[in-house]
Amino acid sequence: MMFRRLARLGRPVTRLFPERHLHLHSGVASRSWRLTPARQMAIAGAAAVGAVWLSLSTLAMMSGAFHRTNGEIAAARTEARLKATTASVDRLAGALERRHEALATLLIQAQGAAGTSAPIPATAISRSASPIDRLQAVRADQDRLIAEAETFATNRADRLRLAFRLAGLRPAAYAQRTEGMGGPLLAANDPRALAATLDVDQDFARRVGRAALDLSAMHVLDAAAAGVPLARPTVNTVQSSGFGVRVDPFTGERAFHPGLDFAGAYKTPIHSTAPGVVVFTGQKSGYGNTIEIDHGHGFKTRYGHLQSIGVHIGQRVALGQTIGAMGSTGRSTGDHLHYEIWLDGRVQNPLRFVRAGDYARQNG
């Protein structure tokens with residue numbers, strides 16, 4: 001039974017690989033081979049194995065070549081992106097360097113202005129950020145710096161204009177008298193020319209020019225204010241008598257008082273309230289020991305009742321320079337300074353100038 005079943009299963013193989021005979025003739029000799037089904041199956045199996053091996057090898061070679069090609073393409077693309085990124089970084093860095101040079105030219109004008117003690121600070125930028133992000137942060141910080149410079153200049157100029165008005169003066173009249181003002185931004189009112197000069201884009205050049213004009217106006221007003229007696233002649237003193245009609249301490253009658261009185265300790269230092277030239281020192285009727293200083297532009301100041309005089313006629317003095325000491329000489333009831341301001345031969349109320357100077361020196 002088993003043998004019959006095996007015979008039935010082997011019939012398809014026998015039909016596929018029937019027994020064959022191979023004859024080779026060479027001249028008078030001949031040879032024969034008998035190819036049984038088993039031998040044919042062995043030869044077919046070996047051929048099949050060889051074909052499979054050849055197919056797999058070819059496929060592996062093609063796959064490796066494909067992967068290498070893809071890798072080369074990816075590497076080329078990465079290299080191209082890196083080159084493009086590097087070029088972008090280089091262009092942005094170059095533009096930022098030129099903008100920084102323009103800002104350095106501009107912001108140096110803000111240094112030394114009254115009410116400032118340091119340059120506008122830069123914002124700290126994270127070192128962990130990417131190069132592009134860091135450069136973009138620098139660019140944003142540059143925009144902030146120029147905006148703050150413009151705001152500072154505008155606020156400072158407005159404060160000085162108001163200080164002039166508080167003193168009873170017209171700002172424009174005194175600003176026009178200022179000489180020697182100028183700077184490197186000669187084309188500030190021409191964005192195209194300024195952009196070419198600074199090698200920056202026109203929009204940034206326009207902002208730089210606008211800020212430069214504001215800073216220039218601020219410096220003109222600063223220089224004009226420096227020649228006006230806006231400072232206080234003493235420190236750590238109190239105002240003991242004002243300008244105008246008052247009761248005379250000697251007669252008890254109403255009389256005009258042409259200045260301010262500042263009471264303080266004996267020998268309290270007295271300071272010049274603006275740069276100028278000493279035009280009088282000595283005794284003056286009612287004033288005792290007196291100093292008079294000509295500040296130019298029609299301004300003159302007078303300091304009376306001094307204990308001592310520390311300057312001489314013709315001497316040039318600076319703003320805040322000590323010129324004498326407080327006393328009670330002349331028509332005086334105690335240690336104090338009598339301070340007067342004259343403009344074009346007419347006496348002025350010194351309180352307006354003192355308050356204007358206090359306001360101009362504020363940082364807000």
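Student: Let's start with strand S8; which strand does S8 pair with, and in what sense?

Tutor: In this predicted model, strand S8 (residues 276–284) pairs with S9 in the antiparallel sense, and the pairing runs over 7 bridges. Within that pairing, glycine 282 stands opposite threonine 290 in S9.

Student: And what does the hairpin of S8 and S9 look like between the strands?

Tutor: The hairpin has 3 residues between S8 and S9, and glycine 286 there takes a positive phi near 85°.

Student: What about the other partner, S10: over how many bridges do S9 and S10 pair?

Tutor: S9 and strand S10 (residues 299–309) pair over 6 bridges, again in the antiparallel sense, with glycine 296 standing opposite phenylalanine 299 in S10. These two strands also form a hairpin, which has 2 residues between them, and histidine 297 in the turn has a positive phi of about 55°.

Student: How many residues of strand S9 are buried?

Tutor: Of the 9 residues of strand S9 (residues 288–296), 7 are buried, so the strand is largely enclosed by the rest of the structure. For the protein as a whole, buried residues make up 34% of the 364 residues.

Student: Glutamate 292 has a charged partner, I think; which residue does its side chain meet in a salt bridge?

Tutor: The side chain of glutamate 292 meets that of arginine 302 in a salt bridge, at 2.7 Å from N to O. Because glutamate 292 lies in strand S9 and arginine 302 in strand S10, the pair ties together parts that are 10 residues apart in sequence.

Student: Are glutamate 292 and arginine 302 buried or exposed?

Tutor: Both glutamate 292 and arginine 302 are buried, where buried stands for under 20% relative accessible area.

Student: Which other residue forms a salt bridge with arginine 302?

Tutor: Glutamate 340 does, with the closest N and O atoms 3.1 Å apart. This pair links distant parts of the chain, since glutamate 340 belongs to strand S13 (residues 336–343) and arginine 302 to strand S10, 38 residues apart. Glutamate 340 is buried, as is arginine 302.

Student: Now the nonpolar side; which residues touch the most other members of the largest nonpolar core?

Tutor: Leu169 and Tyr303 do, in a core of 40 residues. Helix H6 (residues 202–226) gives the most to this core, with 6 residues. There is also a second, separate core of 6 residues, which includes Ile146, Val200, Phe204 and Val208.

Student: To finish, how many helices and strands are there in the protein?

Tutor: The protein has 7 helices and 14 strands. Among its contacts with a separation of 6 or more, 64% are between residues 24 or more positions apart. The protein exposes about 21,500 Å², of which carbon and sulfur atoms supply 58%.

How values were computed
Residues are numbered from 1 along each chain as its sequence is written. This is a predicted model: local features need pLDDT of at least 70, side-chain atom pairs count only at pLDDT 80 or more; totals for chains, interfaces and linings use all residues. Side-chain values use heavy atoms; hydrogens and water are left out. Buried means under 20% relative accessible area, exposed over 50%, partly exposed in between (1.4 Å probe, protein chains only). Helices (H or I, at least four residues) and strands (E, at least two) are DSSP runs, numbered from the N terminus. Two strands pair if DSSP finds at least two bridges between them. Contact means heavy atoms within 4.5 Å. Accessible areas come from the Shrake-Rupley method with a 1.4 Å probe; for residues, only the protein chains shown count as cover. A nonpolar core is a set of buried Ala, Val, Leu, Ile, Met, Phe, Trp, Tyr and Cys residues joined through side-chain atoms within 4.5 Å. A salt bridge is a side-chain nitrogen of Lys or Arg within 4 Å of a carboxyl oxygen of Asp or Glu.
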